[in-house]
Amino acid sequence: MSLKSGSVNPELVGRDFPPTPPYLVGREKVREFARAVFATDPQHTDPAAAQALGYADVVAPPTFAMVVQDLTLQQLLGEPDSGIELSRVLHAEQRFRYSRPIVAGDELIAQLSVTGIRTLGGNAMVTSDAEITDAAGDHVVTATSVLLVGEGDR
Amino acid sequence: MSASTGSATGSTGSATGALAVGDVVAERTVQLTRESLVRYAGASGDFNPIHYRDDVAAAVGLPGVLAHGMLTMGLSVETLVPWLGDTGRIVEYGVRFTRPVVVDPETGAEVTIVAKVGAVEEGVARIDLTVSHGGTTVLGKAQVRIRVS
């Protein structure tokens, strides 16, 4: 076994990254996203329907967290020594663990951590977490991506 | 406008009623078009050109323009929400992206979602999503864990 893992830098694991700048969740953005994922439930578009469920404003669809997590993946791909080239990256797995849904009006920050890099054939599987918290510092959702990074010959 | 047919079947009443393993709680078929992909690109900020440019998709060896995996993941869980009632009951949602959804420029692509109770434990139920396109499943281990009271 060689240590070559699709040339992905193994030192990314455990590296400190700065939190992302605050992302303010807008009502129209939630509506736009809801329409894009064929959401039909009024809690995503009608503030009164969301309030009836106890939320301050429209509730974002569950996968909206990806919009905030994406800021952390940009950080990862932007590391000069990451060895990860966007054209060789495939999204292999995605997971979200929620404390609560994202709601319009939330101001969210995301903290990236790379939790694992393992080789699989000539590829590397890179697992990263984005821990998303609100303005009060409370946990909202942790988004986990597994990226499959190819060896670099395509 | 892309059509979406079907809805929560409500075969078990509501998400707060008794759940039995194997119950189908919601299902629908979504017709994706190239417009759907452009709309999702704008809404999500994912402007990877393999999701709207045939020349780029061909250049990287793909069989055609693909739907964003996150679009498939997103529309799949939304199948469940009208039945669920409150998105806040979702504690976890995960998928593996196992097969691409090729979206034809003229005919688009049909994605079918069936949501079935996979397990019921104390306080939490696991809903398994079978998401298919052209007769094959496109997501693996697509599971939603929800709070049950």
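Visitor: What makes strand E2 of chain A and E3(B) a pair?
Guide: In this predicted model, five bridges join strand E2 (residues 89-98) of chain A to E3(B). Pairing asks for at least two bridges, so with five bridges these strands count as paired. They run antiparallel, and A:Arg95 stands opposite B:Gly94 in E3(B).

Visitor: What else of chain B touches chain A?
Guide: Overall, 28 residues of chain B are in contact with 27 residues of chain A. Elements giving two or more residues to that side of chain B are helix H1 (34-44), helix H3 (69-78), helix H4 (81-84) and strand E3 (90-97). By type, the residues on that side divide into 15 nonpolar, eight polar and five charged.

Visitor: Why are the buried residues of H1(B) said to line one face of the helix?
Guide: The buried residues here are B:Ser36, B:Leu37, B:Tyr40, B:Ala43 and B:Ser44. Seen down the axis of H1(B), they fall within an arc of 130°, so they line one face. They pack against helix H1 (27-36) and helix H3 (65-78) of chain A, together with strand E2 (24-32) and H3 of chain B. Just after H1(B), B:Gly45 takes a positive phi of about 85°.

Visitor: Why is A:Glu32 called partly exposed?
Guide: A:Glu32, in helix H1 of chain A, has 15 other C-beta atoms within 10 Å. A buried residue needs 20 or more, and an exposed one has 12 or fewer. The count of 15 lies in between, so A:Glu32 is partly exposed.

Visitor: What is the pattern of chain A along the sequence?
Guide: Chain A has three helices and five strands, and they follow the pattern β-α-α-α-β-β-β-β. Of the 154 residues of chain A, 44% count as buried. Its C-alpha atoms fill a box of roughly 60 × 30 × 20 Å, taken along the principal axes. Among contacts in chain A between residues at least 6 apart in sequence, 71% join residues at least 24 apart.

Visitor: How confident is the predictor in chain B, and where does pLDDT stay under 50?
Guide: The mean pLDDT of chain B is 91, and 89% of its residues reach 70 or more. Over residues 1-13 of chain B, though, pLDDT stays under 50. For that stretch the model has 31 contacts beyond four places in sequence. The model scores ipTM 0.92 and pTM 0.92.

Methods
Residues numbered from 1 in each chain as written. Chains lettered and ligands numbered in written order. Predicted model: local features only at pLDDT ≥ 70, side-chain atom pairs only at ≥ 80, totals over all residues. Contact = placed C-beta atoms within 7 Å. Helix = DSSP H or I, 4+ residues; strand = E, 2+ residues; numbered from the N terminus. Nonpolar A, V, L, I, M, F, W, Y, C, P; charged D, E, K, R; others polar. Arc of directions from axis to C-beta. pLDDT = per-residue confidence, 0-100.
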